[in-house]
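Colleague: Before we look at the aromatic side chains and the surface, could you take me through how such features are read?

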Amino acid sequence: MVNIGEKDQYGNEVQRMARPLPVEYLLVDVPATTPLQQQFTFTQYDRRQPFPVENRYLDGHLQDFNALSTYLSQWENEEYLQAMSDFHLLVYLYRMDMLPMRQHIKPLLEAVHTKNSSMAYNFKKEEVWKVLESLIQASSSGSGGTTSYPSVGVSSADVGVTAPASFQARPAAGGGTAPAPLETSDNEAETWTCNHCTFINSSELTSCEICSLPR
């Protein structure tokens, strides 16, 4: 039997049976905060920026392809194992939906755990990582080329980047060809199709809502 104490209408402390139990007695204050100075247990950073932390949107941490490209562009090819030794990066790669890597990432996790450089470079040569490199290259070039992943050496044709469908060739004044806009309906003008995942996005968006790659 559970009794609770409360004050009656005359201000007296009385005991009564807790049936039903008031919800207020089950509420507990749980403090939640983030450290002012982060301590890194995987990689010691000097001037490099660490990979954004998951679930920290209010602190300005956003995990997307732009963040991935920016982070990897800080490292040289021979520093691949050191670059991969970031816990939040590994969590992001494991949970990535657009390119599922969880079934392929075990060798990389083992390489980070054992600090095995050769095992890490072997994973770097795997097809799944090459596909990721191509997507990063497409993302960085589409956003204006401000960031570049150094180990990617593919062109836009290699990653399947095509010109927008709203342009076609027309005769130019000098006898050559020049792009001319096609006529589009109102519905087509309000949306655009992602060249990478074919998702139809709203015209207000500059990057795909599904894969986060630029328009």
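Modeller: Let us begin at the surface, keeping in mind that this is a predicted model. Leucine 26 is found in the loop between strand E2 (13–17) and helix H1 (65–72), and together with Val2, Leu21 and Tyr25 it makes a nonpolar surface patch of about 420 Å².

Colleague: Why does leucine 26 count as exposed?

Modeller: Because its relative accessibility is 57%, and the class of exposed residues begins over 50%.

Colleague: How is a pair of aromatic rings described?

Modeller: A pair of aromatic rings is described by the distance of the centres and the angle of the planes. Here the count comes to six aromatic pairs. Tyrosine 80 and tyrosine 121 form a tilted one, with 6.1 Å centre to centre and 35 degrees between the planes. Since tyrosine 80 lies in helix H2 (residues 80–84) and tyrosine 121 in helix H5 (residues 117–124), the pair ties together parts that are 41 residues apart in sequence.

Colleague: Are tyrosine 80 and phenylalanine 123 buried or exposed?

Modeller: Tyrosine 80 is buried, at a relative accessible area of 3%, whereas tyrosine 121, at 25%, is partly exposed. Phenylalanine 123 and tryptophan 129 form another tilted pair, at 6.0 Å and 55 degrees; phenylalanine 123 is buried at 2%, and tryptophan 129 is buried at 0%.

Colleague: Which charged side chains sit over rings?

Modeller: The charged end of lysine 124 sits over the ring of tyrosine 80, 5.8 Å from its centre, and arginine 48 lies over the face of tryptophan 75, at 4.1 Å from the ring centre. Tryptophan 75 also belongs to a cluster in which ring pairs link it with Phe51, Tyr71 and Tyr92.

Terms used. Residues numbered from 1 in each chain as written. Predicted model: local features only at pLDDT ≥ 70, side-chain atom pairs only at ≥ 80, totals over all residues. Heavy atoms only, no water. Patch = residues over 30% accessible without salt bridge, like charges linked within 9 Å, V, L, I, M, F, W, Y side chains within 5 Å. Areas by Shrake-Rupley, 256 points an atom, 1.4 Å probe, with all protein chains shown as cover. Salt bridge = Lys/Arg side-chain N within 4 Å of Asp/Glu carboxyl O. Helix = DSSP H or I, 4+ residues; strand = E, 2+ residues; numbered from the N terminus. Buried < 20%, exposed > 50% of the residue type's maximum accessible area, 1.4 Å probe, protein only. Phe/Tyr/Trp six-rings, centres within 6.5 Å; stacked < 30°, edge-to-face > 60°. Lys NZ or Arg CZ within 6 Å of the ring centre and 35° of its normal.
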